[in-house]
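Biologist: I am new to this structure. Please show me how to read it, one feature at a time.

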Amino acid sequence: MRTDASRRQLTSAQAVSATARSSRSGDAGMSTAEYAVGTVAAVGFAAVLYAVINSSATRTMLANLVKQALSVPF
């Protein structure tokens, strides 16, 4: 037979277990807002990268690099 104290202890252990399960399930994945922020950040990074690649300074640097590579004697 169980006493009141052992029932309370079992009940409190079950409560702690239920709380732990519920807190873990709340952090299972990203929310829609986090996806939106991640998408905006990725698009912003892509735009900056596109601007850098298409700049005249980058084109000049790449052209000079190719000219130097082609002018190396074998």
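**Reading the helices and their surface**

Modeller: Start with a caution: this is a predicted model. Helix α3 is hardly covered, with a count of 1 buried residue among its 15 residues.

Biologist: How many helices and strands does the chain have?

Modeller: There are 3 helices and 0 strands. Read from the N terminus, the order is α-α-α.

Biologist: What should the 15 residues of α3 span, and how far apart are its end C-alpha atoms?

Modeller: Take 1.5 Å a residue, times one less than the number of residues. For α3 that gives 21 Å, and its end C-alpha atoms are 21 Å apart, so the two agree.

Biologist: Where does Thr-58 lie? Is Thr-58 buried or exposed?

Modeller: Thr-58 sits in α3, which covers residues 56-70. Buried means under 20% relative accessible area. Thr-58 has 12%, so it is buried.

Biologist: Which residues does Thr-58 touch, leaving out those up to four places away in sequence?

Modeller: Val-52 and Ile-53. With Val-52 there is a further detail: the side chain of Thr-58 reaches its backbone oxygen at 2.6 Å.

Biologist: And Ile-53? Which helix is Ile-53 found in?

Modeller: Ile-53 belongs to α2, residues 32-53. Ile-53 has a relative accessible area of 46%, so it is partly exposed.

Biologist: Which residues form a nonpolar patch on the surface?

Modeller: Phe-45, Leu-49 and Ile-53 do, with about 330 Å² of accessible area together.

Biologist: Now the whole chain. What share of its residues is buried?

Modeller: Buried residues make up 1% of the 74. The accessible surface of the chain is about 6,700 Å², and carbon and sulfur atoms account for 68% of that surface.

Methods. Residues are numbered from 1 along each chain as its sequence is written. This is a predicted model: local features need pLDDT of at least 70, side-chain atom pairs count only at pLDDT 80 or more; totals for chains, interfaces and linings use all residues. Side-chain values use heavy atoms; hydrogens and water are left out. Helices (H or I, at least four residues) and strands (E, at least two) are DSSP runs, numbered from the N terminus. Buried means under 20% relative accessible area, exposed over 50%, partly exposed in between (1.4 Å probe, protein chains only). A polar contact is a pair of N or O atoms within 3.5 Å; within protein, one must be able to donate a hydrogen and the other to accept it, and residues adjacent in sequence count only if both atoms are side-chain atoms. Contact means heavy atoms within 4.5 Å. Accessible areas come from the Shrake-Rupley method with a 1.4 Å probe; for residues, only the protein chains shown count as cover. Patches are made of residues with over 30% relative accessible area and no salt bridge: like charges are joined within 9 Å, nonpolar side chains (Val, Leu, Ile, Met, Phe, Trp, Tyr) within 5 Å. A salt bridge is a side-chain nitrogen of Lys or Arg within 4 Å of a carboxyl oxygen of Asp or Glu.
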